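Visitor: I would like to learn how to read this model. Could you take me through it feature by feature?

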Amino acid sequence: MKELVSVIVPILDPQINPTEERLLHHCLNTLDKYPVIFITYEGADLSIVKEHNEDIDVIYFPKKYFLSRAALAGLLLMEDFYDRFSWCDFLLIHELNSWVIRDELYYWCKQGYDYLKAGPLETDNIKRLSGMVARLSGLKEDEKRLFGHAYANNGIYLCRIERMISTIKAKHKEVYRYRHIDDFLNADSVFWEIEANRFWPYLRKPTNIVRNHFAMDAANIDLNKTLPFALTGISKENISQLPYFKSLPEAD
C-alpha cells in the first residue's frame, strides 16, 4: 500500500544558516508523522542537518541540480525526479524558506487537488501576466523571467505525483524549453502556474482564495485572520521583521 505523502527537503548548500536551521528544526517537529526525505548531491556534508535528526533519509541527485535555485528548478521539472518517489501519492516540497504553522497535511492531500502552492507576489505586471489573455497567448522569455522573480523564496508546494508525471509527458516540449532557458529563476513555479494548464487542464488547482488557505508569503499575512497551513518567503534577512515571527514566544 502506498504512503499518502512524503516531505521532501532540498539541501543546496549543506552549510545552512541559523534561520534555515530553525526552519528545518520546526519542519522535523511539526511533520514528524510523515516520512521526511532530504535531497542533495553525493558527498554533501549533512552534519548540521544530522544534529537535528541523526537517522535521516537522503536521496541523491547529480550535483549540477544543487548549484543554485535556478538549477534546482530543472530537477523539479523532470519526470525522473517524481518517479523516484513512486511509493507515495503526494510530495510536499519544503524548501528551507518555509514554515508549516500547523499539521493539516492529511487534510490538504484529501481535497482533490493536484498542485497547491502560494501565489506569486503580485504587482501590476504580474497581474497582467496572470490574466487569461496572457495565459492563452503565452509569455515571452523576458516575461517568464519577470514572473519567476515573483516566486522568489516561494518554496513550499504539495503535488500529486501521478499527475505531475502525466503533465510532464504531455507537455514535454514546453518542459524542455523551460529547463533550458538560461538564468531563469523559479522556472518550475512559472511552468506549473502558467504553462501546465494552458489549453488543457492537466492539473486540478484551487482558486486563489483556497490556495491562500494553503500557503501565503509571510510578509502578506494578517494575524487577525485565520492563518494558512504554511508560510513561505522567509529568509535570514527578513525573519526578524515578519509579523508572525515577532508574535512567537522566544522559545519558538
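Visitor: Is E193 buried or exposed?

Guide: Burial is read from relative accessible area: under 20% is buried, over 50% exposed, and anything in between partly exposed, using a 1.4 Å probe and protein chains only. E193 has 8% relative accessibility, so E193 counts as buried. Keep in mind that this is a predicted model, in which local features need pLDDT of at least 70 and side-chain atom pairs count only at pLDDT 80 or more, while totals for chains, interfaces and linings use all residues. Residues are numbered from 1 along each chain as its sequence is written, and side-chain values use heavy atoms, with hydrogens and water left out.

Visitor: Which side chain meets E193 in a salt bridge?

Guide: Side chains of opposite charge can pair when their charged atoms come close. The cut-off here is a side-chain nitrogen of Lys or Arg within 4 Å of a carboxyl oxygen of Asp or Glu. E193 meets R211 in this way, at 3.1 Å from N to O. R211 lies in helix α12 and E193 in helix α11, so the pair ties together parts that are 18 residues apart in sequence. R211 is buried too, with a relative accessible area of 11%.

Visitor: How are helices and strands assigned?

Guide: They are DSSP runs numbered from the N terminus: H or I of at least four residues for helices, E of at least two for strands.

Visitor: How many salt bridges does the structure hold?

Guide: There are eleven. One of them joins R69 to E95, with the closest N and O atoms 3.0 Å apart. R69 sits in helix α3 (residues 69–75) and E95 in the loop between β4 (88–94) and β5, so this pair ties together parts 26 residues apart in sequence. Both R69 and E95 are buried.

Visitor: What is the salt-bridge partner of D114?

Guide: That is R204, again with the closest N and O atoms 3.0 Å apart. This pair links distant parts of the chain, 90 residues apart: D114 is in the loop between α5 (105–109) and β6 (115–117), and R204 in the loop between α11 and α12 (208–214). D114 counts as buried at 0% relative accessibility, whereas R204 is partly exposed at 38%. A network of salt bridges links D114, R160, R163 and R204.

Visitor: Back to α11: at what angle does this helix pack with α8?

Guide: Axes are lines fitted to C-alpha atoms, for helices over the stretch in contact, and angles run from 0 to 180 degrees between N-to-C directions. Helix α8 (residues 141–149) and helix α11 (residues 187–195) pack at about 110°, with axes 9 Å apart. On the scale used, under 35 degrees is roughly parallel, over 145 roughly antiparallel, 65 to 115 roughly perpendicular and the rest oblique. The two helices, α8 and α11, are therefore roughly perpendicular to each other.

Visitor: Which residues of α8 and α11 meet?

Guide: Contact means heavy atoms within 4.5 Å. K144, F147 and G148 of α8 meet V190, E193 and I194 of α11.

Visitor: In what order do the six strands of the open sheet run?

Guide: Two strands pair if DSSP finds at least two bridges between them. The order is β3-β2-β1-β4-β7-β6, with mixed pairing. β3 (57–60) and β6 stand at the edges with a single partner strand each, so one side of each has no neighbour in the sheet. On average, neighbouring strands of this sheet are turned by 25° against each other, direction ignored. Within the sheet, β4 and β7 (residues 156–160) run antiparallel and are joined by five bridges; H94 stands opposite I156 in β7.

Visitor: Which strands does helix α1 lie across?

Guide: Helix α1 (residues 18–30) lies across β1 (3–10), β2 and β4, and runs at about 145° to β2.

Visitor: What is the order of the three-stranded open sheet?

Guide: That sheet is ordered β5-β9-β8, and its pairing is mixed. Its edge strands, β5 (99–100) and β8 (215–217), each pair on one side only. β8 pairs with β9 (residues 230–232) in the parallel sense over three bridges, and A215 has A230 as its bridge partner in β9.
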